[in-house]
Amino acid sequence: MELVFTKVETEEVANLAQLASEIWYEYFVSIISKEQIDYMVEKFQSTNAITEQIQNQGYEYYFMNMSGKNIGYLGVKQEEGKLFLSKFYILKEHRGRGYASRAMEFLVDICQKRRLSTIWLTVNRYNDATIAVYEKKGFRTVRTQVADIGNGFVMDDYIMEKEIDLNEK
Ligand SMILES: CC(C)(COP(=O)(O)OP(=O)(O)OC[C@H]1O[C@@H](n2cnc3c(N)ncnc32)[C@H](O)[C@@H]1OP(=O)(O)O)[C@@H](O)C(=O)NCCC(=O)NCCS
């Protein structure tokens, strides 16, 4: 079975928002409060928020599709010489099977084609399992960041970076 990456078009954003909500409530419940998840899902992953990100803020979203089912998604933003990996989420029952490694190859390929020498991301400081995945895939922590996201909530993150070898192919 093949994992494919398909760019999310405007008419699919509602499906993406549904997938995002399912994963965020399942996963973040052990890391952040239910109130903060409510707030973040609405602010960052609602249909309106994602549509705005795609149409006006330079974000691109991709479904990870396996045999016709969307099992995860990626959100990226191209910056000056860098790729910001903004979202990276896989449904619980599909984790641990190497699909994130496949997604990393997809991202490295984007970087090589567009001549972007770094992928960077933010990850919650208490999200240990995911930090371990990023370290395994060649990211290193460059600094910590506390971002005020409004309504009394903060995001307590590490910023991690991975260098991309642009001479590979
Ligand atoms: C983070 C996430 C996308 C990773 O996907 P995954 O399916 O679990 O990862 P994979 O099975 O593809 O594993 C990726 C690599 O990390 C390694 N790995 C997985 N768990 C690991 C751990 N705890 N410690 C060290 N390495 C680990 C795997 O061996 C694999 O390495 P390899 O292919 O180079 O041998 C997924 O777990 C997820 O959606 N998590 C919840 C949401 C989340 O935290 N998203 C990121 C927000 S910043």
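Analyst: Let's begin with a word we'll need a lot: two residues are in contact when they have heavy atoms within 4.5 Å. Keep in mind that this is a predicted model, where local features need pLDDT of at least 70, side-chain atom pairs count only at pLDDT 80 or more, and totals for chains, interfaces and linings use all residues. Residues are numbered from 1 along each chain as its sequence is written, and side-chain values use heavy atoms, with hydrogens and water left out.

The part I've picked is glutamate 60. You'll find glutamate 60 in strand β2, which covers residues 59-66. (Strands are DSSP runs of E with at least two residues, helices are runs of H or I with at least four, and both are numbered from the N terminus.) Is glutamate 60 buried or exposed? Glutamate 60 counts as buried because its relative accessible area is 10%, and the label buried applies under 20%, with exposed over 50% and partly exposed in between (1.4 Å probe, protein chains only).

So who does glutamate 60 meet? Setting aside neighbours within four places in sequence, glutamate 60 is in contact with Lys7, Leu74, Gly75, Val76 and Arg114. Arginine 114 turns up again in a polar contact: its side chain and that of glutamate 60 are joined at 2.9 Å. The glutamate 60 side chain has another polar contact, at 2.7 Å, with the side chain of tyrosine 62. A polar contact here is a pair of N or O atoms within 3.5 Å; within protein, one must be able to donate a hydrogen and the other to accept it, and residues adjacent in sequence count only if both are side-chain atoms.

Now step just upstream. Helix α3 itself runs over residues 47-56, and its buried residues are Ala49, Ile50, Thr51 and Gln53. These buried residues pack against α1, α2 and β2, and β2 is the strand where glutamate 60 sits.

For comparison, here are two spots in other strands. Phenylalanine 153 lies in β7 and, at 16% relative accessibility, also goes down as buried. Beyond neighbours within four places in sequence, phenylalanine 153 is in contact with Ser33, Glu35, Gln36, Tyr39, Ala147 and Asp148. Serine 33 is 120 residues away from phenylalanine 153 in sequence, but their C-alpha atoms are 9.9 Å apart.

Threonine 141 is in strand β6, residues 140-150, and its 36% relative accessibility makes it partly exposed. Leaving out neighbours within four places in sequence, threonine 141 is in contact with Tyr158, Ile159 and Met160. Its C-alpha atom is 9.1 Å from that of isoleucine 131, 10 residues along the chain.

Finally, zoom out. The chain has 5 helices and 7 strands, in the order β-α-α-α-β-β-β-α-β-α-β-β along the sequence. Its C-alpha trace spans about 45 × 40 × 35 Å along the principal axes. Of the 169 residues, 48% are buried, glutamate 60 being one of the buried residues. And if you take contacts between residues at least 6 apart in sequence, 60% join residues at least 24 apart.
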